[in-house]
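Please examine the chain displayed here, first as a whole and then in its details.

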Amino acid sequence: MTTTPTHGRAGSAASPGQLRDALLDRVEERLARLLADETRSRRTADPRSAVLVAGVAELVQAGAERAHPVICLTGYLAAGGDPAGEDVVSACAALELLDTCLMIRDDVRKNATLRRGIPTLHISHAAEHERNGWRGESRRFGEDTAVLAGDLATVYGDRLAARLPLPAWELWDGLRAERAIGAHAEAAAATEYLDDAWPGQCLDGCGDGCGAGWYGLRHALLIGAALAGRDDLREPYEAYARALHAAWRIRGFLRGGPGFDGDAQFLRDIFFDAQAREKAEETIAGLLDRADEVASKAPVPPRWRTELSAFARRVAGCE
């Protein structure tokens with residue numbers, strides 16, 4: 001088994017949260033610089049070509065939890081990754097851009113009007129088309145433009161991921177495929193009235209193509225471990241991700257989070273009484289105990305074992 005690295009600031013007085021926040025600031029800088037450079041370049045060449053870049057930039061900068069970058073950074077730093085590393089910053093920026101692409105596509109599919117407090121891209125471009133009296137159908141123009149903006153976000157993500165070490169790049173490549181297939185699986189299940197409102201399948205262990213996207217958590221952690229050179233963490237990180245994903249999904253059901261409206265709301269309102277909620281909370285607690293057990297045995301420094309346990313509770317909404 002690979003020994004736990006102690007290089008960089010891993011043994012410094014900085015807390016896990018401070019180390020992660022410092023790296024996350026650099027991720028923000030990388031995203032801002034990339035999009036600003038692209039916007040300037042495109043405006044100079046052809047102002048119309050800057051429209052797609054501007055749409056991606058507005059959505060990225062509108063504010064977000066940066067969920068997958070935070071997960072990746074946690075996995076990287078727990079694995080002993082160098083806090084001054086550059087590859088992990090690129091990987092996290094790429095993960096955020098992939099999230100942006102999938103959010104845009106999800107907004108188009110569901111005809112959402114707002115995202116992060118601003119009009120969704122397909123709505124804003126459709127409105128622009130209508131205001132200017134352009135030829136064609138405004139709705140179709142808005143949707144087509146938004147989808148292209150999503151494609152562009154993925155292109156930028158691929159550009160950032162291209163220079164990653166091969167093990168990390170292979171995980172990135174796999175994640176891209178799984179998230180696309182999973183998004184389709186979720187949409188198809190809902191369309192065919194096969195969508196199960198209760199996330200019981202997550203308790204049994206989600207697999208490839210899972211509509212709920214457990215691989216987003218798994219791959220982000222594994223990319224972090226790969227960039228730290230810790231292939232020995234693959235098994236514990238996968239076990240940790242499975243337990244945490246299931247806990248997060250059940251919490252999402254109880255709170256009515258994204259993906260848990262419609263049939264899920266009916267199930268909560270009609271069949272989920274106080275006793276059922278108590279049982280669900282017990283299930284979440286059991287899953288977090290499972291994640292704790294994995295973290296307690298993982299070959300990472302003790303303070304990162306503690307951080308992995310605390311992180312699981314934040315993700316599962318228990319804090």
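**Cysteines, fold and surface**

Cysteine 101 counts as buried, at 5% relative accessibility. Cysteine 72 is likewise buried, with a relative accessible area of 0%. These values, like the others below, belong to a predicted model.

How many disulfides does the chain contain? The count comes to zero. A disulfide is a covalent bond between the sulfur atoms of two cysteines. For cysteine 72, the closest cysteine sulfur is that of cysteine 92, at 3.9 Å, which is too far for a bond, because the two sulfur atoms would have to lie within 2.5 Å.

In the chain as a whole, 48% of the 319 residues are buried. The secondary structure consists of 13 helices and two strands. Of the contacts between residues at least 6 apart in sequence, 74% join residues at least 24 apart.

The chain exposes about 15,600 Å², of which 52% is supplied by carbon and sulfur atoms. On the surface, Phe266, Ile270 and Phe271 form a nonpolar patch with about 360 Å² of accessible area together. Phenylalanine 266 lies in helix 11, which spans residues 263-271.

The mean pLDDT is 87, and 88% of the residues reach 70 or more. Confidence is highest in helix 3 (residues 67-78), at a mean of 96, and lowest in helix 8 (residues 200-204), at 68. Over residues 1-11, pLDDT stays under 50. Where pLDDT is low, the predicted coordinates should not be read in detail.

Notes. Residues are numbered from 1 along each chain as its sequence is written. This is a predicted model: local features need pLDDT of at least 70, side-chain atom pairs count only at pLDDT 80 or more; totals for chains, interfaces and linings use all residues. Side-chain values use heavy atoms; hydrogens and water are left out. pLDDT is the predictor's confidence in each residue, from 0 to 100. Helices (H or I, at least four residues) and strands (E, at least two) are DSSP runs, numbered from the N terminus. Contact means heavy atoms within 4.5 Å. Buried means under 20% relative accessible area, exposed over 50%, partly exposed in between (1.4 Å probe, protein chains only). Patches are made of residues with over 30% relative accessible area and no salt bridge: like charges are joined within 9 Å, nonpolar side chains (Val, Leu, Ile, Met, Phe, Trp, Tyr) within 5 Å. Accessible areas come from the Shrake-Rupley method with a 1.4 Å probe; for residues, only the protein chains shown count as cover. A salt bridge is a side-chain nitrogen of Lys or Arg within 4 Å of a carboxyl oxygen of Asp or Glu.
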